[in-house]
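Keep the model open while you read.

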Amino acid sequence: MYEEYAEKAGFSIRLSTQNCLKSGVVDRKYLVCNREGLAKGVNKDTMNEETSETQIRTSSISRTRCMAKVKFKLNESHTEYELYDFVEEHNHTFVPVIYRNLTKKKKKLTHKEKIFMQQLGRKNIGATRAHHLYAATNGGYDEVDATETEFRNHTRDLNSHIGDSDAQMLINKMENRLKNVANFFLSMLLKTAS
């Protein structure tokens with residue numbers, strides 16, 4: 001419910017605290033604005049060994065100490081959750097309506113988009129061109145939530161996932177062909193010998 005509210009208002013949320021009972025049932029849950037708190041200054045650029053100790057990585061999310069949050073707790077009968085704290089005020093601007101399709105939640109690829117990419121991938125059409133084609137067939141870039149980067153990242157992840165097994169499938173296919181060719185020539189030899 002709070003996630004839908006946040007999406008319509010134009011901000012993102014994240015889970016802050018969650019307490020569980022001994023039975024494993026969630027007792028309390030706090031959801032906060034994604035800009036709550038301060039950015040941690042310990043994020044370093046670990047890709048560069050020379051500057052990994054001194055350089056701080058920048059983040060696309062700026063923390064503003066936003067206090068907007070919602071807190072839920074399990075009622076005494078353990079049958080439903082009740083809202084016991086709600087802070088509505090934010091200290092930052094919301095994402096404009098025209099850019100809401102670029103929020104982290106919206107940029108995730110749908111099943112339909114993944115299938116579309118895989119079908120084009122079989123025809124040796126890359127992720128960028130697949131994104132352009134998908135946008136063209138769905139009414140323009142405004143109608144497509146995922147960006148080119150998400151298309152490329154999905155292709156990269158898919159290729160890294162099936163990379164080794166794909167090579168093994170090719171080896172198995174060639175070994176089967178070799179066996180079939182050997183069996184074919186063996187049967188031809190037996191026919192000519194008899």
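Which side chain meets that of Asp85 in a salt bridge? The partner is Lys71, with 3.7 Å from N to O. Please keep in mind that this is a predicted model. Asp85 sits in strand β4 (residues 81-87) and Lys71 in strand β3, so this pair ties together parts that are 14 residues apart in sequence. Lys71 is buried, because its relative accessible area of 18% falls under the 20% cut-off. Asp85, at 24%, is partly exposed.

The whole structure has 5 salt bridges, including these:

| Glu36 | Arg14 | 2.8 Å |

Glu36 forms a salt bridge with Arg14. Glu36 belongs to the loop between β2 (26-33) and β3 (69-74), while Arg14 is in strand β1 (residues 13-20), so the two join parts 22 residues apart in sequence. Both are partly exposed, Glu36 at 26% relative accessibility and Arg14 at 22%.

Glu148 and Arg152 are 4 residues apart in helix α4, about one helical turn. Glu148 is partly exposed at 26%, and so is Arg152 at 38%.

Helix α4 (residues 148-193) also holds Met188. Met188 itself is partly exposed, at 37% relative accessibility.

Now for the overall picture. The protein has 4 helices and 4 strands, running α-β-β-β-β-α-α-α from the N terminus. Of its 194 residues, 21% are buried.

Notes: Residues are numbered from 1 along each chain as its sequence is written. This is a predicted model: local features need pLDDT of at least 70, side-chain atom pairs count only at pLDDT 80 or more; totals for chains, interfaces and linings use all residues. Side-chain values use heavy atoms; hydrogens and water are left out. Buried means under 20% relative accessible area, exposed over 50%, partly exposed in between (1.4 Å probe, protein chains only). A salt bridge is a side-chain nitrogen of Lys or Arg within 4 Å of a carboxyl oxygen of Asp or Glu.
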